[in-house]
Amino acid sequence: MHVFFRLFLIGLFLLVGVPSAFAFGTGMEQGMDDHEAPALPTDQVYTLSVPVFSPLFEQTPVALVKGRPITLGEVTAALPAEVRGSSDPARLNSKFNEVLDRLVAVRLDGGERKEVEVFVNGKIDKDQVLTLKVPIFSQHFLFTPVAEVDGDAIPMGEFTRELNAMHAESGGDNHHDKPGELLDRLVTIRLVEREARNIGFDQTDSFKKQVKDFAERTLLYELLNRRVEGLVLDDEEVDRIYHDISLAARLRSYQFNQQEHAAAFIQALEEGADFDQLIREKVEEGVASGGADEDFVPFKQLRSQVASHAKDMEIGEVSKMFKVDDNFIVFKLEDRKFIEDPAALEVARKIAWDQKVADETEKYINEIIDEYAVFDEKAREDFNFTAFKEENPDAKLSDALLTFFDDRRTLVTVEAQGQVHMMQVRELADKVKETYFHGTDIDLNGPEADKRAKQILDDWIFRIAGKAEALEAGLDQTQRYQLKVEEFERRTLFDMFIQKAVVNDIKLTEEEIRASYDDNIEDHSTPAMVRMKSLAFDREDDALKALDKLKRGSDFKWVSGNSEGLADVDDKDLLDFESGIISMTSLPREFQENSENIRSGSSMLYSDPGKLHYVIFFEKVYPPEPKPYDQVRSQILKEVFQKHVNDGLENYVEQLKRHYPTKVFLSFENN
């Protein structure tokens, strides 16, 4: 983990602030984890309404021939002038299709028609708008506008990237994907951005600094991502990790409630006592409890310290003593085996990949530091908290820092982009001090302080040298980098506008918060609770017969003893519906959909897909109860505040649309 912690620090920009271990997010999220989210199906097709003669759509494909696009601009350029200016849509349609067919034939050059994909799906209307059916994830449509705000196009690539992100946030649930709402949001952001720039928010020092910091940090990510491109997984390492995390063990585990009893037991075993006889005596004495577990337990379900120890034990070996909560555990490894587990294999692949990326990135950072940094080796040797502690056993951290604050020697020199950057010993000491938020009047931990100083110094060097490497490689000119910076600018301006133009005007009163509680009391109530009994059947018709008996008034216990086709109580697929009083919201969706009909004494059928069929008897139903106002006030305040923000933004957007011409070209109906 120390490798990733160091990488997180790279983007801290220690010259201007106090370091944070989360500056780079988790797992190099800007690039290295781009492929982790569940993706949408790539064959989605939406309707695009294209102004035929708009320059915005000249590069939009209207057909693919042998995988190569025929663009709208190619077709319109071949139309006669008198047709281009014609007000007769029939004539324009006829000539457009004629030209398109000719271009397709030329491109085919005698090839088969199956190599042609045409996106035109309708006639050009009287307003000279052409309808296309567009595969939105096709690389050919990345730069096709889906909307336009005051001449600024929103490209398909931005829309699909955000659509995939929204899909990932919903956990891959298509029901939560609302592309129309997403496109409205992108249009809103563009409108607000345009207004924010006109107001001058983009000229403020705060905005410029945020963009500068983000751009430099992103440039470093691009550099690191370039280094790991082309890496491949080591199959042997994946197999090794997979084998470790997919092991299962059969344990004879015993619990002692006193440490001295467990310690005495271990001591006796080391002196040659027989395990079986000794543990039997301890159980009879009442100082130990437990015994054999006949089932294999996956290592991933064991406590980490137990699993780590058991992984390397011999069959028949007895463990050391483990403290678990308030008890002390000793176990004997009866057997161990490997279990095929596709989910564990994916985990192993991710662990192996993350480590490979971390190792390669660490290696690259060290290479850059070695290439650019020139150290004063004597100054580096003297800047040593561990040595200071050895010479001064009672030293505080402040004592060591005070000594280093007087050292004006240049510790390291970095020459990059025609500039020379230097850091003195005292400057590094000051940066170390800034990381101790609660003060430095504490006992000096030499190794910990040295590690912190090295991280700070390495990050400072890499920020300068890495930027130089990235600029020399032209990474700041890549489209991916520029789009990320543009998007950051856009969203930062949006946030600034919301804060200054919307949030600052919101004033909430206690009466308004209380009124929201009273008007939406059902939203601030405990969920309905139920106590149930159930009967499980192998066949649905047997379950329906039992359900009918219950609905006719038969006693549940009688039905339980007089029904045929009941499932085996040891069936591995058997669900437990009788775990005391439980929340209705924790039950499967079918229960919530039928909640209006659920009353004390009612019953229903629930079929577990592909498995068993259950007759559920609701012994007692406890209706929702309002939560006390003081308990939910903070939540309601947030809800009311957010509603004001949404309403305020909506009002602004309506006004902005009157000032900045807005067009939406993509639609989602009947696709």
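A: This is a predicted model. Start with helix α6, residues 179–199, and helix α18, residues 479–502: their axes come within 8 Å and cross at roughly 75 degrees. Angles of 65 to 115 degrees count as roughly perpendicular, so α6 and α18 are roughly perpendicular to each other.

Now the residues that touch. From α6 come Leu186, Thr188, Ile189, Arg190, Val192, Glu193, Glu195, Ala196, Arg197 and Ile199. On the α18 side they meet Glu489, Arg490, Arg491, Leu493, Phe494 and Phe497. By class, this contact of α6 with α18 holds eight nonpolar residues, one polar and seven charged.

α6 and α18 each supply at least two residues of the lining of the second largest pocket. So much for the pair; two other elements join them there. Helix α23 (629–659) and strand β20 (662–664) likewise give at least two residues each. The top contributor is α23, with eight residues.

The space in this second largest pocket is about 410 Å³. Its lining counts 17 residues. Nearest the pocket centre lie Asp184, Arg185, Thr188, Leu649 and Val653. Thr188 is also one of the α6 residues that meet α18.

Conventions. Residues are numbered from 1 along each chain as its sequence is written. This is a predicted model: local features need pLDDT of at least 70, side-chain atom pairs count only at pLDDT 80 or more; totals for chains, interfaces and linings use all residues. Side-chain values use heavy atoms; hydrogens and water are left out. Axes are lines fitted to C-alpha atoms, for helices over the stretch in contact, and angles run from 0 to 180 degrees between N-to-C directions. Helices (H or I, at least four residues) and strands (E, at least two) are DSSP runs, numbered from the N terminus. Angles under 35 degrees count as roughly parallel, over 145 as roughly antiparallel, 65 to 115 as roughly perpendicular and the rest as oblique. Contact means heavy atoms within 4.5 Å. Ala, Val, Leu, Ile, Met, Phe, Trp, Tyr, Cys and Pro count as nonpolar, Asp, Glu, Lys and Arg as charged, and the others, Gly among them, as polar. On a 1 Å grid over the protein atoms alone, a cavity is a set of points where a 1.4 Å probe fits but cannot get out, and a pocket is an open set with protein on both sides within 12 Å along at least five of seven lines; lining residues have an atom within 4 Å of a point. Grid points are joined across faces, edges and corners, and a volume is the space filled by probe spheres set on the points.
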